[in-house]
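I set out to look up side-chain pairings in this model. My notes follow the order of the search.

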Amino acid sequence: MQTTKTLTLAATAALSLAVLTGCSGTAEPTATPDIGTVEPTTAAPVETTEAPVADSGATVSERGNQIITVGTTTDLFDIDLPVGSWTIESITPADTSGSAFAWDANTTYLLVTISAETTADLTNEIMFAWEAVDAEGFTVNETIEHSGADVLPEAEELPARIGPGEKVRGSVLVGVPTETGTLIIKPFSTANNMAMYGYEVAY
């Protein structure tokens, strides 16, 4: 009995030693995956859209307005979207023989006839703002646009507002302090009431 017990203890000890030896062995190194060299990346250039140019080949005044002449056709813009065109057809002296002008003999009145056409892309309305520079180069400090009711029938006046898909023609009565000078015309969209471009024409 003593011999059997001794053999059993010896076997158990040997088994334990084997287990411990196996656990304390040197572990195989874990392979590190080869991810290669990371090349620096350059962000793709961002494309920019330049603001529309009324006419890149046009002459620009010292006031920054495009200089045009009677008969010149230029674009209309809804903010920065081209939505049509307009043309000054004529600039002629207005008939001021009526009594409505008797008190204002020092003002030169002109009829500026304009034709305009808009596309369906216009989502607001187009209006025209008017300014002037007199013969000596001074900016006129007063409103030069006047009601044409005393000079021409209402049907012949340019509509105050032009909507999408319209084709119009009409005249605007302007009053300027000198017989010669420069008219400044600024079509603008009612979306922001700011003109994209100004245009100058001599009278």
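Is Arg169 buried or exposed? I find Arg169 exposed, at 55% relative accessibility. My cut-offs are under 20% relative accessible area for buried, over 50% for exposed and in between for partly exposed, with a 1.4 Å probe and protein chains only.

Ground rules first. The model is predicted, so I take local features only at pLDDT of at least 70 and side-chain atom pairs only at pLDDT 80 or more, while totals for chains, interfaces and linings use all residues. Residues are numbered from 1 along each chain as its sequence is written, and side-chain values use heavy atoms, with hydrogens and water left out.

**Entry: salt bridges**

I searched the whole structure and got 4 salt bridges. I count a salt bridge when a side-chain nitrogen of Lys or Arg lies within 4 Å of a carboxyl oxygen of Asp or Glu. Side chains of opposite charge can pair when their charged atoms come close.

I looked up the partner of Arg169. Arg169 forms a salt bridge with Glu89, and the closest N and O atoms are 3.1 Å apart. Glu89 sits in strand β3 (residues 81–93) and Arg169 in strand β7 (residues 167–176), so this pair ties together parts 80 residues apart in sequence. Strands (E, at least two residues) and helices (H or I, at least four) are DSSP runs, numbered from the N terminus. I note Glu89 as partly exposed, with a relative accessible area of 34%.

Next I took Arg63 and Glu200. Their side chains meet in a salt bridge, 2.8 Å from N to O. Arg63 is in the loop between α1 (2–23) and β1 (66–67) and Glu200 is in strand β10 (residues 199–202), so the pair joins parts that are 137 residues apart in sequence. Glu200 is buried at 4% relative accessibility. Arg63 is partly exposed at 37%.

Then came Glu125 and Arg161. I read 3.0 Å, N to O, for their salt bridge. Glu125 lies in the loop between β4 (108–118) and β5 (126–133), and Arg161 in the loop between β6 (145–146) and β7, 36 residues apart. Glu125 is partly exposed at 29%. Arg161 is partly exposed too, at 45%.

**Entry: Ser171**

I went back to strand β7, where Ser171 lies. Ser171 is buried, with a relative accessible area of 12%. What does its side chain touch by a polar contact? The side chain of Thr113 makes that contact with Ser171, at 2.7 Å. A polar contact is a pair of N or O atoms within 3.5 Å; within protein, one must be able to donate a hydrogen and the other to accept it, and residues adjacent in sequence count only if both atoms are side-chain atoms.

**Entry: aromatic pairs**

I found 4 aromatic pairs in the whole structure. Rings of Phe, Tyr and Trp (its six-membered ring) pair if their centres lie within 6.5 Å; planes under 30 degrees apart are stacked, over 60 edge-to-face and the rest tilted.

Phe77 and Tyr197 make a tilted pair, 5.1 Å centre to centre with 55 degrees between the planes. Phe77 is buried at 7%.

Trp86 and Phe128 have ring centres 5.3 Å apart and planes at 65 degrees, so I log the pair as edge-to-face. Trp86 is in strand β3 and Phe128 in strand β5. Trp86 is buried at 1%, and Phe128 is buried at 10%. I also note that Trp86, Phe128 and Tyr199 form one aromatic cluster.
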